Amino acid sequence: MAAPLLLDLFPGTDPQLRDALSVRETVFVQEQGVPLEEEIDDYDGVAWHVLARVGDAPVATARLISLDADRVKIGRVATLPDYRGQGIATKLVKLLMEYARREGFSEAVLDSQLEAMPLYEKLGFVAEGPVFLDAGILHRRMTRKLDPIV
């Protein structure tokens, strides 16, 4: 029997941040060639992070930052290669959207790598604006309204 997937939401001051950064370093720095100094930034300390574990092993992560009183930005969505295609990233993004909604935010934005856009489109995000380079990788801005809690 496979170990269950565990999701944990925590602030950037939590010691679990090192596990989230480890996943991001594997995916973005080692796999995609993003310079470490661009991957780790000042937002990590003030963001809310979600970490997925299988057993004790961290396998995926994402973060959420507040842009203003109404909008949040989801970013740094990363899943280790052996765990891709299992819906883990979808669960991370849904958890962050639900948290943002509960906190009173009305819109989520993200900058998607072009190949990841179908994942976000399935979650209701809509592409807008031109394609742009971020850390040498083609991206496009996507937005989604967060339905109010009733």
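Asp41 is partly exposed, with a relative accessible area of 24%. Here buried means under 20% relative accessible area, exposed means over 50%, and partly exposed lies in between, for a 1.4 Å probe and protein chains only. The model is a predicted one: local features need pLDDT of at least 70, side-chain atom pairs count only at pLDDT 80 or more, and totals for chains, interfaces and linings use all residues. Residues are numbered from 1 along each chain as its sequence is written, and side-chain values use heavy atoms, with hydrogens and water left out.

Asp41 sits in the loop between α2 and β2. Helices (H or I, at least four residues) and strands (E, at least two) are DSSP runs, numbered from the N terminus. Beyond its neighbours within four places in sequence, Asp41 is in contact with Arg63 and Arg76. Contact means heavy atoms within 4.5 Å. Asp41 and Ile137 are 96 residues apart in sequence, and their C-alpha atoms are 17 Å apart in space.

Arg76 belongs to strand β4. Arg76 is partly exposed, at a relative accessible area of 21%. Its phi is near 55°, a positive value in a residue other than glycine. Most residues other than glycine have a negative phi. Ala135 is found in the loop between β6 (126-134) and β7. Ala135 counts as partly exposed, at 28% relative accessibility.

Glu38 touches both Arg76 and Ala135, not counting residues up to four places away in sequence. Glu38 lies in helix α2. With 42% relative accessibility, Glu38 counts as partly exposed. Glu38 and Ala135 are 97 residues apart along the chain, yet their C-alpha atoms are separated by 7.2 Å.

Arg76 leads on to the largest pocket. Phe28, Arg76, Val77, Gln113 and Tyr120 lie nearest the centre of this pocket, among 38 lining residues. Eight elements need naming here. Two or more lining residues come from each of α1 (17-31), α2 (36-39), β3 (57-66), β4 (71-79), α3 (88-102), β5 (107-113), α4 (117-122) and β7 (137-145). Strand β4 gives the most to the lining, with seven residues. The largest pocket holds about 860 Å³ of space. On a 1 Å grid over the protein atoms alone, a pocket is an open set of points where a 1.4 Å probe fits, with protein on both sides within 12 Å along at least five of seven lines; lining residues have an atom within 4 Å of a point. Grid points are joined across faces, edges and corners, and a volume is the space filled by probe spheres set on the points. By class, the lining has 17 nonpolar, ten polar and eleven charged residues. Ala, Val, Leu, Ile, Met, Phe, Trp, Tyr, Cys and Pro count as nonpolar, Asp, Glu, Lys and Arg as charged, and the others, Gly among them, as polar.

The largest nonpolar core has 26 residues. Such a core is a set of buried Ala, Val, Leu, Ile, Met, Phe, Trp, Tyr and Cys residues joined through side-chain atoms within 4.5 Å. Leu64, Ile74, Val77, Leu92, Val93, Tyr120 and Phe125 have the most contacts inside this core. The elements β2, β3, β4, α3, β5 and α4 each give two or more residues to this core. Helix α3 supplies the largest share, eight residues. Another core lies apart from it, with seven residues, among them Val23, Val34, Ala78 and Leu80.

Aromatic rings were examined next. Rings of Phe, Tyr and Trp (its six-membered ring) pair if their centres lie within 6.5 Å; planes under 30 degrees apart count as stacked, over 60 as edge-to-face and the rest as tilted. By this rule there are two aromatic pairs. Trp48 and Tyr99 form a tilted pair, 5.1 Å centre to centre and with 45° between the planes. This pair links distant parts of the chain: Trp48 is in strand β2 (residues 48-54) and Tyr99 in helix α3, 51 residues apart. Trp48 is partly exposed, with a relative accessible area of 31%, whereas Tyr99 counts as buried at 12%.

Tyr120 and Phe125 form an edge-to-face pair, 6.1 Å centre to centre and with 75° between the planes. Tyr120 counts as buried at 7% relative accessibility, and Phe125 is buried with a relative accessible area of 3%. Not counting residues up to four places away in sequence, Phe125 touches Ile74, Val93, Met97, Ala108, Leu110, Tyr120, Met142, Thr143 and Arg144.
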